[in-house]
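Please consider the structure shown below. The report that follows describes selected parts of it.

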Amino acid sequence: MNKVKIDVKINSIVISKEVDANTLLVDFLRYDLKLTGTHVGCDTSQCGSCIVMINNKCIKSCSILLVQCNNSIITTVEGLGKEDKLHKIQESFKENHGLQCGFCTPGILFSALELAKDKDIKSDHQIRDFLDGNLCRCTGYHNIVKSIKSYINKDN
Amino acid sequence: MKKFKYHSPKSLDESRKIFMSCEFPQYLAGGMTLLPSIKQGLSSPTDLIDLAYINDMKGINEDNNNISVGSLVNHNEIAKSHLIKKYISGLAYLASKIADNAVRNKGTLGGSICNADPAADYPGALISLNAKVVTNSREIEARDFFIDMFETILEEGEIVTKIIFPKANYSSYEKFSSQASKYAIVGVFFSVLAKKASIAITGAANKAFLIDEIEGLNINELQNFNLDNINFSNYDINSDINAGYEYRISLIKSLIKKSLANLHL
């Protein structure tokens, strides 16, 4: 196996290093960078817990190689807000009880941010349809939808 | 995860050369099927050849009669493309119903058709629309492209670069999908080209197939067509955990009915 040189920007930090070709993005985030806010739920591309933003698009970090992210800008939940200054989407989830155990939340926050950019998505049904790739085992979907609607309304 | 060597060629020629020099190489497009397959040990390439740096395989373009879609174009790009929405709206809708948003941001048209999953959405669209598959060495009729389950007519090392779709008079897609995977249990692609109808079914056999009895009918003939005249024993309809033989046939009929009921030209 070969080592591959990559340049990425993760949460505004520039990283330039040689990595094993078979490193998954999620493993690099969790084991090398200790950014454990990105979760591995199913590990089979179904649950959406590992979703991060790559160049402003939601991507499942368990199903992409780090080398495929070369020259990309990546945002994980750690780069979204700080404990003392949450991102607006995180505030909306806090205010609307949009999470229980919190395991699926990082992935759902990113899906919410991407869907909020689509001005055609307005109804509960459309929000639920968009969230198809995010599973919440606490089944807290009502409040997740409520949180997202509150964010969309605040944002506008 | 199993070890492999990674290559990132900048041209089609270089990609093919690397492919021919490796023991068990695989091309990597979006990786939405390939990477989970490698993780599960279903695929064990010695070399992964990432096609992401080849610009010839990107972009959506139009000429007078056709829309050409680069094989590296992802599902969300197809779903949101103004050109595709305008001229082949059924294809845009189909792409919007593949898997989920995060998969649609990465999975590609070329990757999907080369994988030739019998329950994938695109094959029905390609054969109904009579699309052409362009590779690094030739142009293939989509109707000749799919051979069997996970099998295409592609030769060793051949690379699909784009798919050429004709602008359609009308197109639509109806799918009854597995709730977990969103793969089609039955998918019906309906198109009207030069005023002739074509209906292709995906998910219901080893590969997508055309309904011969409907092929080439004009709209009047189609509206008077009795679905009981379709001889399903000719189509090798499958039966599995998602749907038995008779249930699948019933799904095909109801989705065709739905497609015809929604027809507006």
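Predicted model: local features only at pLDDT ≥ 70, side-chain atom pairs only at ≥ 80, totals over all residues.

Residues are numbered from 1 along each chain as its sequence is written, chains are lettered from A and ligands numbered from 1 in the order in which they are written, and side-chain values use heavy atoms, with hydrogens and water left out.

**Helix H1(B)**

Helices (H or I, at least four residues) and strands (E, at least two) are DSSP runs, numbered from the N terminus. Helix H1 of chain B comprises residues 12–21, and Leu12(B), Ser15(B), Ile18(B) and Phe19(B) are buried in it; buried means under 20% relative accessible area, exposed over 50% and partly exposed in between (1.4 Å probe, protein chains only). These residues lie on the same side of H1(B) because they cover an arc of only 130° around the axis, the arc being that of the directions from the helix axis to the C-beta atoms. An α-helix has 3.6 residues a turn, so residues three or four places apart point the same way. Asp13(B), Lys17(B) and Ser21(B), on the other side of H1(B), are exposed. The packing partners of the buried residues of H1(B) are strands E1 (5–7), E2 (25–28), E3 (47–50) and E10 (160–166) of chain B.

**Strand E3(B)**

E3(B) is covered on both faces: Asp47(B) and Ile49(B) are buried on one side, Leu48(B) and Asp50(B) on the other. E1(B) and E3(B) run parallel and are joined by three bridges; two strands pair if DSSP finds at least two bridges between them. His7(B) has Ile49(B) as its bridge partner in E3(B). Four bridges pair E2(B) with E3(B), also in the parallel sense, and Pro25(B) has Asp47(B) as its bridge partner in E3(B).

Most residues other than glycine have a negative phi.

Lys182(B) is in the loop between strands E11 (170–177) and E12 (184–193) of chain B, and Ala194(B) is in the loop between E12 and strand E13 (196–202) of chain B.

**Interface with chain A**

The contact (heavy atoms within 4.5 Å) takes 30 residues from chain B and 27 residues from chain A.
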